[in-house]
Protein chains: 2
Amino acid sequence: MTHAEKTESEVLAANARFYRAFSDGDLPSMNALWAQHAPVACLHPGQPLLLGRDAVLRAWRDILEHQPGIELTSQEPSVQLFGDTAIVYCYEAATDQPAHLAATNVFVLEGAEWRMVHHHAGPLAEPRAGRRANDLN
Amino acid sequence: MTHAEKTESEVLAANARFYRAFSDGDLPSMNALWAQHAPVACLHPGQPLLLGRDAVLRAWRDILEHQPGIELTSQEPSVQLFGDTAIVYCYEAATDQPAHLAATNVFVLEGAEWRMVHHHAGPLAEPRAGRRANDLN
């Protein structure tokens, strides 16, 4: 495995932890996933910008407290690396449905950990036909 | 002006050139704005992911050829810096309308130039009330 492949695999693991934390309604994991030192921001579908750790994590607390048992999965993830910054592009699918959102997830290396600095999700005009939440890759 | 302020100002200038190129239907400027070496991607509102320079620029050619004279402006831009990578968050407004889209624009430093590696725009559930395209900042 090359260094780039290893890095890509670590970034994809961090991306998977994000969807796991959402699906489990797990605020401590979500909190641990977001950068501690680097600046953070979040754009939830249709919503105005959340800037800074307090605003971003407060919104996640509200979302996860009311998470109605949706299993949200990442589909067709692609990673692009820019030194100690990485972007994952993926589609998001809720429990057994075709993906209905496209997402940009940005991570930075803090110490030995890839931590999230930005999540932006928005609706697809048409769900990803023929793909289902269990087509994980 | 500190080094960070100077960098932020350069990134904002690159972000402004992106909206200028769109509004002018200027494909050569759009082409020059996107990274030459770093990997690129684009998520237009509602659309599936475009990955790689050929796909991204082909889509821009189609969009700019049919651009019906919309003046698209960036509103309330915020910059976050991660070394040689920068993210601009902003709202997008078309000619004299309140902003109707939120955007994530990612730039990397190539030589002395900040060049775009990712653009993701999605619809706002409600337009930014009370703000108009000429409230530039």
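## A histidine in a loop

In this predicted model, His44(A) is found in the loop that lies between strand 1 (41-43) and strand 2 (50-51) of chain A, where strands (E, at least two residues) and helices (H or I, at least four residues) are DSSP runs numbered from the N terminus. His44(A) counts as buried because its relative accessibility is 11%; buried means under 20% relative accessible area, exposed over 50%, and partly exposed in between, with a 1.4 Å probe and protein chains only.

Leaving aside residues up to four places away in sequence, His44(A) touches Leu50(A), Ala59(A), Trp60(A), Ile63(A), His119(A) and Ala121(A), a contact being heavy atoms within 4.5 Å.

## Chain A as a whole

Chain A has three helices and six strands, and from the N terminus on its elements run α-α-β-β-α-β-β-β-β. The radius of gyration of chain A is 14 Å, close to the 14 Å that the globule rule gives for 137 residues, so chain A is as compact as a globular protein of that length; this radius is taken over C-alpha atoms, and the rule is 2.2 Å times the number of residues to the power 0.38.

Along its principal axes, the C-alpha trace of chain A spans about 35 × 35 × 25 Å. Buried residues make up 50% of the 137 residues in chain A, and among its contacts between residues at least 6 apart in sequence, 52% join residues at least 24 apart.

## Two helices of chain B

In chain B, the axes of helix 1 (residues 3-24) and helix 3 (residues 53-65) come within 8 Å and cross at roughly 50°. That makes helix 1 of chain B oblique to helix 3 of chain B, given that angles under 35 degrees count as roughly parallel, over 145 as roughly antiparallel, 65 to 115 as roughly perpendicular and the rest as oblique. Axes are lines fitted to C-alpha atoms, for helices over the stretch in contact, with angles running from 0 to 180 degrees between N-to-C directions.

Helix 1 of chain B contributes Phe18(B), Ala21(B) and Phe22(B) to the contact, and helix 3 of chain B contributes Trp60(B), Ile63(B) and Leu64(B).

## How the copies are related

Chain B is superposed on chain A by a rotation of 180° with 0.0 Å of shift along its axis (RMSD 0.0 Å), using least squares on the C-alpha atoms of residues with pLDDT of at least 70 in both. The two copies are thus related as by a two-fold rotation axis. Of the residues of chain B, Gly122(B) comes closest to the rotation axis, at 2.7 Å (C-alpha). The same surface serves both copies, with 100% of the contact residues of chain B recurring in chain A.

## Conventions

Residues are numbered from 1 along each chain as its sequence is written, while chains are lettered from A and ligands numbered from 1 in the order in which they are written. Local features need pLDDT of at least 70, side-chain atom pairs count only at pLDDT 80 or more, and totals for chains, interfaces and linings use all residues, whereas side-chain values use heavy atoms, with hydrogens and water left out.
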